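Student: I'd like to learn how to read helices packed against each other. Can you walk me through a case?

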Amino acid sequence: MKVYILTVVIFITAKLVFMLVNYEGHAFDVGDVCDVVLHGLSLDLSTSLYILILPFLITMVSLWWNDRRLQAFLRIYYAVIATMLMLTFVADTSLYPFWGFKLDVSCLQYLETPSEVKASVSGFYMAVCIVLQILGSYGLYRLYKAISFWAKNPSRREAATVTNLLFIPLMIIGIRGGLDESTTNIGQVYFSQDQFLNHSAVNPVFSFLSSFEKTDSLPTTTDLKAIGTK
């Protein structure tokens, strides 16, 4: 549960940073910030459940096989998650002024032409992003690693196992966004006529992963040449 709460807090913090960094040309007040956080919470909760799956499964395994190798594996997982989350946050926040839309799979196509990347941003700008990536990844890893995982095993492992199994359907429902026919999607967090506020509410990790389903509509490299420079 602590991993889940921490991940949700990280996503909310990333939203606030996104708005502060990209505030130029966009007028908003405290009320708008609160609306962004509240309307975007559904995607944050759903995406956080994806990240929780592996720690949850390891917790169940540790009830019957409490081995230090599980702890080592979990630390590696936290390192990977911290790196990927920070990479997503930095890319989403830094590219938004150029693209004007949330991070999606088109960034991979853009990176196929390194010369165009260099032409779009200065060396100093890229250096700052790299430093933020390194420091941010380390910071997130430390936060995840600080969560106490190896608590004393319960006396009744069978009961604890059954309890954990009962959480699985709840996690599935949370991931898909409820019991309705429609599943979790980006459009559900849109709430304003101001597109910047809508974009701020979107979880960048969810946006990136969901965009793989729409690769046929990605912009071409030629289209990306129209992106402005900074």
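Tutor: α2 and α7 run roughly antiparallel to each other, which is the label for angles over 145 degrees. This is a predicted model, where local features need pLDDT of at least 70, side-chain atom pairs count only at pLDDT 80 or more, and totals for chains, interfaces and linings use all residues. Residues are numbered from 1 along each chain as its sequence is written, and side-chain values use heavy atoms, with hydrogens and water left out.

Student: At what angle do the axes of α2 and α7 cross?

Tutor: An axis is a line fitted to C-alpha atoms, for helices over the stretch in contact, and angles run from 0 to 180 degrees between N-to-C directions. Here, the axes of α2 (residues 30-62) and α7 (residues 157-176) cross at roughly 160° and come within 10 Å.

Student: Which residues of α2 and α7 make the contact?

Tutor: Contact means heavy atoms within 4.5 Å. From α2, they include Leu49, Ile53 and Phe56; from α7, Leu165, Ile168 and Met171 are among them.

Student: And how does a helix repeat?

Tutor: An α-helix has 3.6 residues a turn, so residues three or four places apart point the same way.

Student: Which residues of α1 are buried?

Tutor: Buried means under 20% relative accessible area, with a 1.4 Å probe and protein chains only. In α1 (residues 2-21), the buried ones include Val3, Leu6, Ile10, Ala14 and Phe18. Among the elements covering them are α2 and α3.

Student: How many helices does the protein have?

Tutor: Ten, with zero strands; helices are DSSP runs of H or I with at least four residues, strands of E with at least two, numbered from the N terminus.

Notes
Angles under 35 degrees count as roughly parallel, over 145 as roughly antiparallel, 65 to 115 as roughly perpendicular and the rest as oblique. The expected span of a helix is 1.5 Å times one less than its number of residues. Buried means under 20% relative accessible area, exposed over 50%, partly exposed in between (1.4 Å probe, protein chains only).
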